[in-house]
Amino acid sequence: MKDDVATPEDRSASLKGMGTSRKRVEDVRFTQGRGNYVDDIRMDGMLFGDFVRSPYAHARVTRIDAEAAKAVPGVIAVLTAADLEPLGLHWMPTLAGDKQMVLADGKVLYQGQEVAFVVAEDRYIAADAVELVEVEYEELPVVVDPFKALEPDAPVLREDLEGQTEGAHGPRRHHNHIFTWEQGDKDATEAVLSEADVVAEEMVYYHRTHPCPLETCGCVASMDKVTGKLTVWGTFQAPHAIRTVVSLISGIAEHNIRIISPDIGGGFGNKVGVYPGYVCSVVASIVTGKPVKWVEDRMDNLMTTAFARDYWMQGKIAATKEGRITGLWCHTTADHGGFDACADPTKFPAGFMNICTGSYDIPVAYLAVDGVYTNKAPGGVAYRCSFRVTEAAYFIERMIEVLAIKLGMDAAELRRINFIRADQFPYQSALGWEYDSGDYHTAWEKALKAVNYDGLRAEQAQRLEDFKAGKTRKLIGIGLTHFTEIVGAGPVKNCDILGLGMFDSCEIRIHPTGSAIARLGTISQGQGHATTFAQIIASEIGIPADDITLEEGDTDTAPYGLGTYGSRSTPVAGAATAMAARKIRAKAQMIAAYLLEVHDDDVEFDVDRFVVKGAPERFKSMKEIAFAAYNQAIPGLEPGLEAVSYYDPPNMTYPFGAYICVMEFDVDTGEHEVRQFYALDDCGTRINPMIIEGQVHGGATEGYAIAMGQEIAYDEMGNVMTGTLMDFFLPTSWETPHYTTDHTVTPSPHHPIGAKGVGESPNVGSVPCFSNAVHDAFRPFGLTQSHMPHDHWRIWRIANELGLHG
């Protein structure tokens, strides 16, 4: 159809812009095996690195003998802390302001800790040589319980900090204490609790788990001694931040460092931080002058790369007899492992845990978090959540259920009467956040109606009668969750990592023929950036999404950005994309006015063109404007059509959702069946409904894994008991539930396109939903709290302890 006769609707559809369910353009190469991952990289003369790791959780290293390993043909070097110390690289800074051993310096603090780095001509030679490195250890007392770690006679774990009473985040009150972080009004909250009609209390534990991405962590470091340039390919979720950190650690000028993130097989927060493998590979390449590759195996990944969660949350919630919540109190004991390597913004040592008031209008609240060292692997990450938001959501949604039991109220009604009302937005929470927008009541009513909530409760009551009468051995649990997430870190005024403000960026260049390339400071790990960001540009400047190429992950070409994690891509980089596109559109308007021989104010944008006001038959398409920008001298304008935007958001964004699941439990076997899972998400403006649905499916499946079996478990000696995929639960297509997705749309008032982000919401919302279903099924028999994960054995044990067997 010709441009002059096509309707605006037809022209808009041809753009495949925002709101279109456009297929992911990335999948063409992925489904044909054309992805380019770190382990696919091959270079002439490339060497391979592997680690000698400690079998002990806490021990002094008394001797390292690497002579037998060095004698193996093909082994180039064996690095220890003694080799790195003259370079000042035996310790490295963490994202949390702590410092961490690169290689064991005198002692080890967790099982699997890196002790020595073997460099060889072949990956298998390196693995064989690792077995020949002799390390003598003197075992020390092990502490894996954070509460025991704070006892007066607990062993000193961090001897390098002994005697220091101040840490990166304030006073330390014990040799294994890291920080205390407080938010809210403690005195006012305790006063409310002392006078409340009803107070419900519970210890809520969110167990230690692990993102376990499809691709493990790895890198290839290549130092060119002729040019002095260091190039590092790696599984980096924040390439520019890694470049800055590498420069600070190594002393190499930042302009001589190039960081490249190729295709990444899942990140989920696991690939934000800096790992010893990166540092050792860089050092080995500098020393040998050859490229060095390090790729961890699955056991290394599960045992030693950044864990998630491990929060003990003691809660108290106060309410009137009618169910109005009057106050919330929470004290969290956070197990950080051997080093505080959590990936949280500098000013928030416990992340955004102060979103723990959730979706509820709670007038007064208090939160305290104590960080603690233990003999576990370090590095708490936001496993598909924005900096501890999933722990906060789990806490408040479990506390709501406990309060409902105490009041004898229906949990759905208790939530409804305490929701923040639509007319209260922007809403100032008791713990310091300004929620941008929301309509919780509408979303909740839509969810309850969609699943026939009243009918489900009636069926559940009948099933309970049948169970008591001996007609069935299966119980029904109805899990409810309404969550509010905080994403889009974030405003530079309160969010940084290692002093780097958490803005993001986009550069767009329009070619003379009307196609375009956009480069961003983010990096996709499966979110579909090449698809969705092109759709934003298509809607903003009228160039078809199919004619727009997106590039990320190369610090030599992309503008500086803080990367992809914490569901910040769309809220921050998506906004930068829209703002860069609007700069181009503003210039295009001036070019169009010149070409149409009218004043700038006499033309207006119409889908894919600028038209003369009142005379739409007179127009210039964006393709015509692009060509003119490069071949026609226009007074007052420089040639070309491109723009860069660095976007610092004025506020976070606050997506929310209403999730309901129905599960059946066999009390004799502990087995469960997810009969129904309904997920309603409100992520503001929806860019690509198809990708949103896929994100919900993926995030909810990870939430299902966490709630129903996924765990990094330790014995008393600090041995990792779930260090292989034989023990660490990853759902297959057989276990994965069927999901029904739904939505409401409440745009963010401060975001350029009203988008809020959705990638992590399903993980945040699904975990308490599944857990609440377990508790709901056994609540009639006296169960108020059972710690996750709710695997078959634990559910069987619940039934046994409640006297339901026999």
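The lining of the second largest pocket comprises, by class, nine nonpolar, three polar and eight charged residues, where Ala, Val, Leu, Ile, Met, Phe, Trp, Tyr, Cys and Pro count as nonpolar, Asp, Glu, Lys and Arg as charged, and the others, Gly among them, as polar. The model is predicted, so local features need pLDDT of at least 70 and side-chain atom pairs count only at pLDDT 80 or more, while totals for chains, interfaces and linings use all residues. Residues are numbered from 1 along each chain as its sequence is written, and side-chain values use heavy atoms, with hydrogens and water left out.

**Second largest pocket**

- The second largest pocket holds about 480 Å³ of space, a volume being the space filled by probe spheres set on grid points that are joined across faces, edges and corners.
- Its lining has 20 residues, and Tyr205, Trp312, Glu711, Met788 and Arg794 lie nearest the centre of the pocket.
- The elements that contribute two or more residues to this lining are β12 (198–209), β17 (308–319) and α20 (792–801), with α20 giving the most, at four residues; helices (H or I, at least four residues) and strands (E, at least two) are DSSP runs numbered from the N terminus.
- On a 1 Å grid over the protein atoms alone, a pocket is an open set of points with protein on both sides within 12 Å along at least five of seven lines, a cavity is a set of points where a 1.4 Å probe fits but cannot get out, and lining residues have an atom within 4 Å of a point.

**Cavities**

- Rolling a probe the size of a water molecule over the atoms shows where empty space is left.
- Searching the whole structure gives six cavities of 30 Å³ or more, and the largest cavity has a volume of about 200 Å³.
- The largest cavity is lined by 22 residues, with Gln100, Gly273, Val274, Tyr275 and Ala341 nearest its centre, and the classes in this lining are 13 nonpolar, six polar and three charged residues.

**Buried polar and charged side chains**

- Glutamate 664, in strand β32 (residues 656–666), counts as buried because its relative accessibility is 11%, buried meaning under 20% relative accessible area, exposed over 50% and partly exposed in between (1.4 Å probe, protein chains only).
- The side chains of glutamate 664 and arginine 463 are joined by a polar contact of 3.2 Å, that is, a pair of N or O atoms within 3.5 Å, of which, within protein, one must be able to donate a hydrogen and the other to accept it, and residues adjacent in sequence count only if both atoms are side-chain atoms.
- Leaving aside residues up to four places away in sequence, glutamate 664 touches Arg463, Lys474, Leu475, Ile476, Glu671, His672, Glu673 and Arg675, contact meaning heavy atoms within 4.5 Å.
- Glutamine 525 sits in the loop between β26 (516–520) and α15 (529–541) and is buried, with a relative accessible area of 10%.
- The side chain of glutamine 525 makes a polar contact of 3.3 Å with the side chain of glutamine 237, and a polar atom of the glutamine 525 side chain lies 2.7 Å from the backbone oxygen of isoleucine 523.

**Phenylalanine 352 and its contacts**

- Phenylalanine 352 is placed in the loop between β18 (325–335) and β19 (365–372) and is buried, with a relative accessible area of 0%.
- Not counting residues up to four places away in sequence, the residues touched by phenylalanine 352 include Phe387, Arg388, Trp433 and Met652.

**Backbone geometry**

- Most residues other than glycine have a negative phi, and most peptide bonds are trans.
- Phenylalanine 387 has a positive phi of about 55 degrees although it is not a glycine, and arginine 388 likewise has a positive phi, near 75 degrees.
- The peptide bond from phenylalanine 425 to proline 426 is cis, with omega near -5 degrees, and proline 426 lies in the loop between α12 (411–418) and β20 (427–428).
- The peptide bond from methionine 788 to proline 789 is cis, with omega near -5 degrees, and proline 789 is in the loop between α19 (761–778) and α20.
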